Amino acid sequence: MSDRLDDWRPDDMAFWVDGGKPIAMRNLAISAFALLLASCVWMVWSAVVVHLPIVGFSYTTTQLLWLTAAPGLSGAVLRLVYAFTVPIFGGRLWTTISTASLLIPALGIGIAVQHPETPYGVMLVLALLCGFGGGNFASSMANISFFFPKEQKGWALGVNAGMADLGVAVVQFAVPLVIGGALLGPLGGGPHAAAALGAPLDTHQGVWLQNAAFIWIPFILLATAAAWFGMNDIGHSQASFAEQAVIFRRMHTWINGWLYIGSFGTFIGFAATFPMLVKAQFPGIDPLAYAFLGPLVSSAARSLSGGMADRLGGARITLWAFVILFLAVSTMTICLNSGVFWMFLLSSMLVFATAGVACASTYQMVPIVFLIDRMHAYDLQGDLGRARALKEATLEAATALGFISALAAFGAFYIPGVFGLSISLTGSPVMAIQLFLIFYLSCIVVTWMFYCRADAGLHC
């Protein structure tokens, strides 16, 4: 079978049943695996920085925070670029290239953390290079959207994105485990003795901090090979940047971007902020013991709720998800003031779960919204108009999915910043939470006004 699919009609059920579905599922499986690894590399600094002082690095707290924030910033910027790459290069080629690029930060970090004398500037560059992992989300989601019929896009996008969210949990869970032993033997280098007083590691065994980066390399190589030999390009999905740039003129690009900032921005921002909040507000609690729970809950919710959005309608699910998200974040203020950690933990898990549902439902809406919008544009042009509307909607929705993911990815940068500013100005994160609540109210109003009310132009 050719790597290029010139005849691809997933919305034709005869075509789908006769052979389209296995091809789509194979591409989804490889894409999801590659995206999980991309997410692991993107967020690896969130688990590495807390161990740098332990092995002898003398960076300031501010410098460590920037190492955590830099991948979020570069990943969001790269998503703005990656959103347009699949129609230009093809999904198979671009997935191969973008997955292979993860080797650069993985190798660099693994080498650099073995040398406490490494200049901070080098470490900051390596942190920025982890943005390759963040950028991959935009191209991966755009690519997968081409493979599935509109009735299953929510499910497929939910599974693909759910694996990306799972990567955040995997890296935060796995890193504390893999740095405790010589998993890679002589190839991985020797250990460092824990240098900090009270270090939460066995100083007799030493610390193989390089494993936090090296451990992903074999899997990256496997995913790169799988993408090259197992994925496909779709011929009719090819388009220039100019042809894709039409999304900037579509009102619904910006509306759905706003909603996705509220959903994915919440997930990635709270994932990055949760350990900091625990450490600042609940002294004596080890934040790393719980950091993986939120991303794990969110990824599961996102993977499971994509199909629900297909059945019940993405807009309806999105509306109620933001209502629950507003209530859940409101309870965080009460829990923080109470000083009871388990109450804060439960409210945080509700935030993560609801954000995961909102991520899936918002993404499910995008292909439907663009299809309805284009159908309205060619309403009086018969079968030829409907065919043109379907072609335009498929391309525009794929590009828009990548673009709005870039807007939301900045949440990994600005949400920790808003929390930090709130704590520095008031000594409490409550002011930040109040600002987020205002934003969630706007998401509720926007969803109802454009997609849920009885006379809305686009029900989805």
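**Labels and the values behind them**

Tutor: Gladly! Let us start with Ala138, which sits in helix H8; helices here are DSSP runs of H or I with at least four residues (strands are runs of E with at least two), numbered from the N terminus. The model is a predicted one, where local features need pLDDT of at least 70, side-chain atom pairs count only at pLDDT 80 or more, and totals for chains, interfaces and linings use all residues. Residues are numbered from 1 along each chain as its sequence is written, and side-chain values use heavy atoms, leaving out hydrogens and water.

Student: Why does Ala138 count as buried?

Tutor: Buried means under 20% relative accessible area, exposed means over 50%, and partly exposed is in between, with a 1.4 Å probe and protein chains only. Ala138 has 0% relative accessibility, so it counts as buried.

Student: Which residues does Ala138 touch, leaving out those up to four places away in sequence?

Tutor: Ala138 touches Arg79, Tyr82, Ala83, Gly402 and Ser405, where contact means heavy atoms within 4.5 Å.

Student: What makes H1 roughly antiparallel to H8?

Tutor: H1 (residues 13–42) and H8 (residues 131–145) pack at about 160°, with axes 7 Å apart. Axes are lines fitted to C-alpha atoms, for helices over the stretch in contact, and angles run from 0 to 180 degrees between N-to-C directions. Under 35 degrees is roughly parallel, over 145 roughly antiparallel, 65 to 115 roughly perpendicular, and the rest oblique. The angle of about 160° therefore makes H1 roughly antiparallel to H8.

Student: Which residues of H1 and H8 make the contact?

Tutor: H1 brings Asn27, Leu28, Ser31, Leu35, Ala38 and Trp42, while H8 brings Gly131, Gly133, Gly134, Asn136, Phe137, Ser140 and Ile144. By class, six are nonpolar, seven polar and none charged. Nonpolar covers Ala, Val, Leu, Ile, Met, Phe, Trp, Tyr, Cys and Pro; charged covers Asp, Glu, Lys and Arg; the others, Gly among them, are polar.

Student: How do H16 and H17 pack?

Tutor: H16 (residues 341–377) and H17 (residues 382–409) meet at an angle of about 145°, their axes 8 Å apart. Their contact has 13 nonpolar, two polar and four charged residues.

Student: How do you know that Asp165 is buried?

Tutor: Asp165, part of helix H9 (residues 153–178), has 1% relative accessibility, so it counts as buried.

Student: What polar contact does the side chain of Asp165 make?

Tutor: Its partner is the side chain of Arg302, at 3.5 Å. A polar contact is a pair of N or O atoms within 3.5 Å; within protein, one must be able to donate a hydrogen and the other to accept it, and residues adjacent in sequence count only if both atoms are side-chain atoms.

Student: Is Thr333 buried or exposed?

Tutor: Thr333, in helix H15 (residues 314–338), has a relative accessible area of 17%, so it is buried. Beyond its neighbours within four places in sequence, Thr333 is in contact with Val430 and Ile433.

Student: And why is Pro283 called exposed?

Tutor: Pro283 lies in the loop between H13 (251–281) and H14 (293–312). Its relative accessible area is 68%, so Pro283 is exposed.

Student: What makes H5 mostly covered?

Tutor: In H5 (residues 91–100), seven of the ten residues are buried, including Trp94 and Thr95.
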